[in-house]
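Look over the sequence and the model before reading on.

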Amino acid sequence: MASHHPAPTMQRGSPAALLGSKAETLEQLAPLVRTARVLPLLYFPVGAWQSGPDRLLDDVLSRPWGGQPLIVRSSTRREDDAGTLMPGSYLSVAGVAGRQGLRDAIDAVIDSYRQRPETAVLDGLGEELVLVQPLVVDATMTGVVFTCDPNTGAPYLVINYEENGDSAAVTSGARARLRTFYAWKTSGTGRGDPHLQRLMDLSRELEELLERDNLDIEFAFDDSGDLYLLQVRPMVVETLLDNVDHEQALTAIATKVRTAAQPHPHLRGKRTVFGVMPDWNPAEIVGTRPHPLALSLYRRLITDGLWADQRARYGYRDVRGFPLMVDFFGLPYIGVRESCNSLIPASIDDELAERLVDHYIDRLAANPVLHDKVEFDVVFSCYSLTLQERLSNQAEHLFSVRERDDLVSALRTLTNQLMDPEHPARREDLASIASLRAKLGEVRQSDLDLPTQIYWLLEDCRRFGTLAFAGFARLGFIATEILRSLVDTEVLTEKDVARLMASLDTVTNRMLRDRTGLSRAEFLRRYGFLRPGTYDIRSPRYDEEPDGYFDWPNSRVRLAAPEPFRLPAPTMHLIDDLLRQHRLEQDAYGLLNFIITSIELRENSKFEFTRHLSEALSLFTQLGRGVGMDAEEMSYLDVDCVDELYRGAESPATVLRRCSAEGRRRYELTRRLVLPPMITEPADVKAFHLPSTEPNYVTQECAAGRVELVSAHPADLAGKIMMLPSGDPGYDWIFSEGIAGFITRYGGANSHMAIRAHQFGIPAVIGAGEVLYNRWAAAEYLRVDCLNHRVEILR
């Protein structure tokens, strides 16, 4: 017989008493829940098992469901208590059959209690419970529902689920085929998915029964469509009480998406979509939730107007006057229609341009996984050796032969012009970037006050730095596309490409060589202005925290000067023949020189304009220090405050404090908003799926540190970023060693380690997947920024 001990001071069935251990909660909810089923259950204290296991085995096996496959589950006092929350810490054994199998499973679960020190120190294990239930054998969808955002407490419904898998995948991190659905709770829509709609109904019912809006609900659907409630527990996070401004913001964003999608007389294309990764990909450069200063600097230096100036100068359609990036209450997105217009040759007529933009947007909306590959797999923006094949495969049925020929001819002409080293805009950009360092000295050696110096550093950076960099970045893209086409046509191999890339003489190569060839002081004089977060005032420069970035005097990388890239004569002749066939006005030597030079210029020009920007940020810090404001406070400024100080007479203290306070207030909303990486229609704003490949970023904290594998000695872990193959509870010891953050190869937002990260406020990336995990594990130093969903390789 099951043993049950209700709380003596609470009336059975009251909301507070309904939440107990896993077993107790399910038992009390079973007769109350109408939107889901609770499986039959039997539970007993460990002490009862120790004193009479055969009697309990008889009890289980005599039940009508005792002959079915069973699951033996933990149900301890600590596991689901709101103050400790240790889900997944103890063993569950599924697929149990037969008397001996059941005995072994129960013993294994109890043994897992003994192996946890925080349980073993309790007054014995006698009162801890073991839960036995029939197993949902033919589960078609399993997962967990959060009834508020686990990072912020905002009233989103967050559903992490796996289709055709087992329920342990979500909580244990054993698999990586998880999907995540977000819905603003008042939206009440599952976007046409009946399973999601039923889960929304279940969450509302449980919130009403338990009078809590921060629940963690485990569920399963079987192949008959029945929904089973497997567990309910409170979440660690507290819900936000006032969400009026949040809902108003979402409504305003949806309205903006709707109005922005209307045809515009100065743009081609009937509609638009928004993304965080197309074109100048703000998610990669400044993050998905940049602080106001970083976001406004990116707008000022790149996306407000300069991006369009550069493309018009290089022969693309003139879209000047249109900002490329919008921000939805601080969340940056690229307007894809503006981007697509700007990548069409100016010689293309309006009718064909209209149809091209419509095709690009339709293709991206139908294939959102391409949102970070728009220029390679969606848009035709330059000529390559595989252009006509791509055009036929992608759009043969959409455009006539004449239209395709017109596009190919226009792209060929444009590409030929841009490969010419005498192209006027290219020569201007070379002269501009060469003048930049001198302009820095002129401003810094002047007697101008700090706001004026900042203003002119940014102005020079925009006019002579980022404008030239944008041009070289475009040339670099063309070079990369042609290089890819040489591989696709089997003229070059991937090994050839690797050798070519190794031959590049970029600033990164030089810095690594200088790391061993220069003194510490000289090295920092040359490279000290660099900072990992280029636009982020909170990110220290190399010369501000040199010991945080470099292991002086040791260096594990010793690079020799790069060897020139050469191809055998037959390959060069083959390239010559192809270039003539495709009517490209370069020979093989000229093409390779263009490819190498363009990629080098892109990297080296970034180095030069970054110097200006970093110096401006340092002066921002100095300006703030003069009025008693630190870098964190200054990060909430908008760059427009510099304009206000430059053209006005108000005191810096007044302007900076006012702007910082306003920015901080607005940013409180920014950090709570959750939007999908691609917004294709207004309904996406309030209910959407996250891309299945996106890792789970836990907490909104940020940390930087050396990368350490889990095999390291505990004494070596303080301040490190730990790499864990999974979210196994056996790794809990790392939290006593002062780690800065951690990354797991697999895991879900509800895994044991995710809960632990929430509890201790430690930034974590759960379920990075094979590719990202291996890349980050090979690094020496990482910055994990969970708020902005970014991991930066510092070295």
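Which residues in α17 meet which residues in α19? Thr415, Leu418 and Met419 in α17 meet Leu475, Ile478 and Ile482 in α19, where contact means heavy atoms within 4.5 Å. The model is predicted, with local features needing pLDDT of at least 70, side-chain atom pairs counting only at pLDDT 80 or more, and totals for chains, interfaces and linings using all residues. Residues are numbered from 1 along each chain as its sequence is written, and side-chain values use heavy atoms, leaving out hydrogens and water.

**Helix α17 with helix α19**
- The contact of α17 with α19 has 5 nonpolar residues, 1 polar and no charged (nonpolar: Ala, Val, Leu, Ile, Met, Phe, Trp, Tyr, Cys and Pro; charged: Asp, Glu, Lys and Arg; polar: the others, Gly among them).
- The axes of α17 (residues 401-419) and α19 (residues 450-488) come within 11 Å and cross at roughly 115 degrees.
- That makes α17 roughly perpendicular to α19 (65 to 115 degrees; under 35 is roughly parallel, over 145 roughly antiparallel and the rest oblique).

**Helix α19 with helix α27**
- The axes of α19 and α27 (residues 640-647) come within 9 Å and cross at roughly 125 degrees, so the two helices are oblique to each other.
- Pro451, Thr452, Ile454, Tyr455 and Trp456 in α19 meet Val642, Asp643, Leu645 and Tyr646 in α27.
- By class, this contact has 7 nonpolar, 1 polar and 1 charged residues.

**Cysteines**
- The count of disulfides is 0 (pairs of cysteine sulfur atoms within 2.5 Å).
- The sulfur of Cys641 is 4.9 Å from the closest cysteine sulfur, in Cys659, which is too far for a bond.
- Cys641 is buried, with a relative accessible area of 2% (buried means under 20%, exposed over 50%, partly exposed in between, with a 1.4 Å probe and protein chains only).
- Cys461 counts as buried at 0% relative accessibility.

How values were computed
Axes fitted to C-alpha atoms, helices over the stretch in contact; angles between N-to-C directions. Helix = DSSP H or I, 4+ residues; strand = E, 2+ residues; numbered from the N terminus.
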